[in-house]
Each structure stands twice: as C-alpha cells, then as structure tokens.
Amino acid sequence: TPLTLIASPIDEVISNEKLSDAGMENMQVAKRNTDRMLRLINQILDFRKIQNDKMKVLVEQVDIIPLILKIYGNFVPMAHTHRIDFRLFCPLDSFVMYTDVDKLEKILFNLLSNAFKYTPAGKDIKMLVRSYSYEELNESYRSEVYHKGDCNEMRYLMLRIEDSGKGISKEERDKVFIPFYQVPESTVANVPGTGIGLSLVYSIVKLCRGGIFIEDMDHTGACFVVVLPISPMAFKEEEIDTSIGEEGIMDSQADSLDMANGGTEMSES
C-alpha cells in the first residue's frame, strides 16, 4: 500500500503536469524504480505462495502475441539506455492458446530481466517465439512437458531468450533455479538481482505443465528455452476459466492446428 500511494501521484504528475525535460526525466526514473520495487515485492509474495503450495493456475483462451509485443515494448527503453540491440523474432501474427496470462507475463519478464542483467553495452539480446508439434520438439524437451494420447496432435509454444553475457557453465546450470542462488563473479549487472527470478520462473513453468532448459550457443552468452503446452487438455477442469465453454475449447484446438504463419521481426538498439 505505501508503494501504491507513491506510484499513483507519480503517474498523476507525469500525465497531467507540465514539467521541464529534466523534471520529466526525474519523474520517469522515480516511476521505473517504484515499479521495480512493486515487482520485487510481488515476486517475494509469489515465492511464498509457491513454498506453501498456494499458487494456482487459471488458464483462458487468449491470443498471446499482443502480450509478447507489450512486454517487448516495456524493455525497449532499457535496451536504448544500455545500448543493447534487443530483437524480437516472431513468425506468428496471431497465436491462440490456453494459458494463465499473469504467469506467462511473469515468465517472460523475469527471463528478460535476467538477460538484461548480464548483457553488456554494445551487445545483443534475442527473443524468439515459435510453435512446434510434439514430434517437432527436441527429444530432450519431450519428457519435461505435458503430453497425452496421440502426441502428434499436441502443439506447444516455445520461447527462446538469448543474451550475450558471460554465459552459464555446465557446472552452474543445475543451481541457477535454486532460490536465492546467483551465478558467482558476475562482472555485468545492469539490473541488480535477488536470486528469486529464475527460481520463480522454474516453478511457474512447472505449474503450467511445461519445461525450461538452458542451451549451449555458438557464442558467449546464456540461452533459456521455455516450452509450454497450448491445449486445455493439459490442465485440470478447475484450472480452466469456465466462462469459455466447450465450443470455445473445440474452436481453440482447431485454431492451433490450422494456424497460419505470418512474419514479425522487431529490433531496438
């Protein structure tokens, strides 16, 4: 509540008051840091929910591309400030899936925050969005994601985030999802860390019946891959928004199989 009472007047001043360029810049700094503090508090609350087995998922049928574009846009100012070439590669103009929007946003936000934390100025970050059938998935992914019956009928959303930081050694990869663990000897920290974000992402991905993986790359840096099922059959009845109805469920399954691909590439440097 105290932070909310701080954030609201800041938003009011930014929206309605005539400020000098320096004054507006200072208010924007205050807003960014207040927003960040709110996110950190929410992370801690989410972490406690997971520890006490109180975090639940409630999925709904939604086109996730506008959400991804919104999150991408939220990080563009940070990319500009730190002179980072931030690119989004998304061949999907629309992608309808069953997901918990709040959980998906937390997954993306924490993974991107981690990427920006370790990427130095002048380097690049890539976010890739793809859709795969079960058969098209890498074999190492299959055992970690939900699958049932005729797996060839199931499709998945894949989110891949690559940074250009120091990378994560194979010895460290089993530890980065442990609460409060931070990769040692970090020489680049554009965003101070807490050691909660990746642990939270891991737990949320599992709640959403998906898998998260750390992959090797040709160049220095870290690559996180998240694979999530898109079908309502991956979730329990009480985890699905009942306002959708059976007709909506059948339509979404048909849409996910017949989805046409377009082309989207966005960048900010």
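**Close-up views of a predicted model**

**View 1. Arg173 in the loop between β5 and α6.** In this predicted model, Arg173 lies in the loop that connects β5 (155-162) with α6 (197-207). Arg173 counts as buried because its relative accessibility is 17%, and the cut-off for buried is under 20% relative accessible area. When its neighbours within four places in sequence are left aside, Arg173 is in contact with Ile168, Ile214, Glu215 and Asp216.

**View 2. Asp53 in the loop between α2 and β1.** The view shows Asp53, which is placed in the loop between α2 and β1 (60-63). The phi angle of Asp53 is near 55°, which is a positive value in a residue other than glycine. With a relative accessibility of 58%, Asp53 counts as exposed, since the cut-off for exposed is over 50%.

**View 3. Arg83 in the loop between α3 and β2.** Here the residue of interest is Arg83, whose place is in the loop between α3 (65-81) and β2 (85-90). Although Arg83 is not a glycine, its phi is positive, at about 55°. Arg83 has a relative accessibility of 57% and therefore counts as exposed.

**View 4. A nonpolar patch on the surface.** Met37, Ile41 and Leu45 form a nonpolar patch on the surface of the model, and together these residues have about 260 Å² of accessible area. Leu45, one of the residues of this patch, is found in helix α2, which covers residues 21-51.

Conventions
Residues numbered from 1 in each chain as written. Predicted model: local features only at pLDDT ≥ 70, side-chain atom pairs only at ≥ 80, totals over all residues. Heavy atoms only, no water. Patch = residues over 30% accessible without salt bridge, like charges linked within 9 Å, V, L, I, M, F, W, Y side chains within 5 Å. Areas by Shrake-Rupley, 256 points an atom, 1.4 Å probe, with all protein chains shown as cover. Salt bridge = Lys/Arg side-chain N within 4 Å of Asp/Glu carboxyl O. Helix = DSSP H or I, 4+ residues; strand = E, 2+ residues; numbered from the N terminus. Buried < 20%, exposed > 50% of the residue type's maximum accessible area, 1.4 Å probe, protein only. Contact = heavy atoms within 4.5 Å.
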